[in-house]
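I opened a new notebook page for this structure. My plan is to look up a few spots and write down what I find.

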Protein chains: 2
Amino acid sequence: MKAIKKIDEMRREVSSIKSRGMSIGFVPTMGYLHEGHLSLVRQSLQKADVTVVSIFVNPAQFGQREDFKEYPRDLNRDSEVLEKEGIDYLFVPEADEIYPQGYKTYIEVHDLQDKLCGRSRPGHFRGVCTVVLKLFNIVNPDVSFFGQKDYQQAIILKRMVKDLRLEVKIEALPIIREEDGLALSSRNKYLTQEERKAALVLSKSLKEAQSMIEKGQRVSAAIIKGMKEIIGREPLVKIDYVEIVDMDNLDPVARIEKKALAAVAVFIGKVRLIDNTILLF
Amino acid sequence: MKAIKKIDEMRREVSSIKSRGMSIGFVPTMGYLHEGHLSLVRQSLQKADVTVVSIFVNPAQFGQREDFKEYPRDLNRDSEVLEKEGIDYLFVPEADEIYPQGYKTYIEVHDLQDKLCGRSRPGHFRGVCTVVLKLFNIVNPDVSFFGQKDYQQAIILKRMVKDLRLEVKIEALPIIREEDGLALSSRNKYLTQEERKAALVLSKSLKEAQSMIEKGQRVSAAIIKGMKEIIGREPLVKIDYVEIVDMDNLDPVARIEKKALAAVAVFIGKVRLIDNTILLF
């Protein structure tokens, strides 16, 4: 594994890979890697000739009162883990190379960026799209891997890629969970033992949604009510949103007549956690 | 010259050119070509192995009450002219391929996009950046040529290219003028004979600015006053703005102590015309 900090050096490696006709699989991350990230890495190792993983805690996707400074970082551990997985390149750009002085350009995916998490995190998806487009322009991947825990992010990036006629394929891979159901997230580290236990209501509420569907319930309002009841039992958990939305445009659906997404966001203390599931018939 | 309408066909040609190690020069236009455009085309023919010219009247860069529908078009004449110049590819994409149903992605170059023309044309530069980035992603040029009549546009595109780490070089070439000083513009076609004559105050005011500099004037307010007096003599002409700004950040400069840009925008009837000059010592 070769670790690279400089954009120009990464570009040179990419040119050389491309000139040999090899495909590039890319996993952009903010580091503090868990099994969710590693599932993406392994998929890339399988599907592409060369795998590039980036670690960059992107300031542009954090709000002013969010956890950019506290976001967990452990580059040494991440680096060891990735080396063991057998990736080819670890790209760790510096912030002042990604956002040099006078930086002014942002990508907006209108409408989709304002829904679900976009409502409580204005500017978040603008920051995500901007850094991902820039990383794509540097790494020039054939395929890039994202987790479905950030379902909205994956939908927005797919739209961006289509709209801007980029030649990269976006693959969104299933959520990886702890045995007790908690979706893996670098932010789980923030939770106290008590909060960690309380956080289980996210996945429980999603299971309840699926179970209501299986019992024949089709009215979203009824399912959302059931989900909120489960979450409401935990006094440590404050709901940001509980929604059932269309898989493609993320608009709320009133009656579930085809595959739909149940999505939850909560605050536990200062920690914001999200989870979702695709509701199946 | 090969004329191409479909994005996928253009892409295939580009791949083939690149695989032969040839460079691509690109001149994106909205058609109704004049000598200004042709100066860009000729530069591309000189500098690049293959020259691609696009003609696309981009709806996203027109305001709701602007002249998108009336914008002059003459594809047959343009096509003949370009064939005669000896370009390799004429790319004429269709609007529903550039902005397919559900299109949502826009590029914003903050701050720079709000100055000068951005104030009276909100959304204009967002539309320009969006279509140019997309065309770049399709045509994959090594160098792309723009006119300095749209100085702000060139500055914004250079910023975008730098910020997004694109590998294209932006070249901005001098304004081409009629013998009497009128800057060439496809919109000149709209002018009546009387308006055409009145429009000369733009270039006259810019000449006056340069002449005041040469006489030792350094105070922008005094120069702008002189420029406005000249323009004010023509009752058909309504000033949008007259400014002297920094060459890089487009902020107004109070005292001219290095190269600066004098920029003018006016309305003559419904027609909006712009012109500018770099003030030299």
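How close do the axes of helix α6 and helix α7 of chain A come, and at what angle do they cross? I work from a predicted model, where local features need pLDDT of at least 70, side-chain atom pairs count only at pLDDT 80 or more, and totals for chains, interfaces and linings use all residues. Residues are numbered from 1 along each chain as its sequence is written, chains are lettered from A and ligands numbered from 1 in the order in which they are written, and side-chain values use heavy atoms, with hydrogens and water left out.

**Entry: two helices**

I looked up α6 (residues 124-139) and α7 (residues 151-163) of chain A; their axes come within 11 Å and cross at roughly 55°. That makes α6(A) oblique to α7(A). Oblique is what remains once angles under 35 degrees (roughly parallel), over 145 (roughly antiparallel) and 65 to 115 (roughly perpendicular) are set aside. Axes here are lines fitted to C-alpha atoms, for helices over the stretch in contact, with angles from 0 to 180 degrees between N-to-C directions. Helices are DSSP runs (H or I) of at least four residues, and strands (E) of at least two, numbered from the N terminus.

Next I listed the contacts, meaning heavy atoms within 4.5 Å. On the α6(A) side I found Phe125(A), Val128(A), Cys129(A), Val132(A), Leu133(A) and Phe136(A). They meet Gln152(A), Gln153(A), Ile156(A), Leu157(A), Met160(A) and Val161(A) in α7(A). The residues of this contact divide into 10 nonpolar, 2 polar and no charged.

**Entry: cysteines**

How many disulfides does the structure hold over all chains? I count 0; a disulfide would be a pair of cysteine sulfur atoms within 2.5 Å. The sulfur of Cys129(A) is 13 Å from the closest cysteine sulfur, in Cys117(A), so it is too far for a bond. Cys129(A) is buried, at 1% relative accessible area. Buried means under 20%, exposed over 50%, and partly exposed in between (1.4 Å probe, protein chains only).

**Entry: Glu35(A)**

I found Glu35(A) in helix α2 (residues 35-47) of chain A. Glu35(A) is partly exposed, at 41% relative accessibility. Leaving out residues up to four places away in sequence, Glu35(A) touches Arg42(A), Ile176(A) and Leu184(A). Arg177(A) is 142 residues from Glu35(A) in sequence, yet 8.6 Å away in space, C-alpha to C-alpha.

**Entry: positive phi in chain B**

Leu116(B) is not a glycine, yet has a positive phi of about 40°. Leu116(B) sits in the loop between β5 (105-109) and α5 (117-120) of chain B, and is buried at 3%.

Notes:
Nonpolar A, V, L, I, M, F, W, Y, C, P; charged D, E, K, R; others polar.
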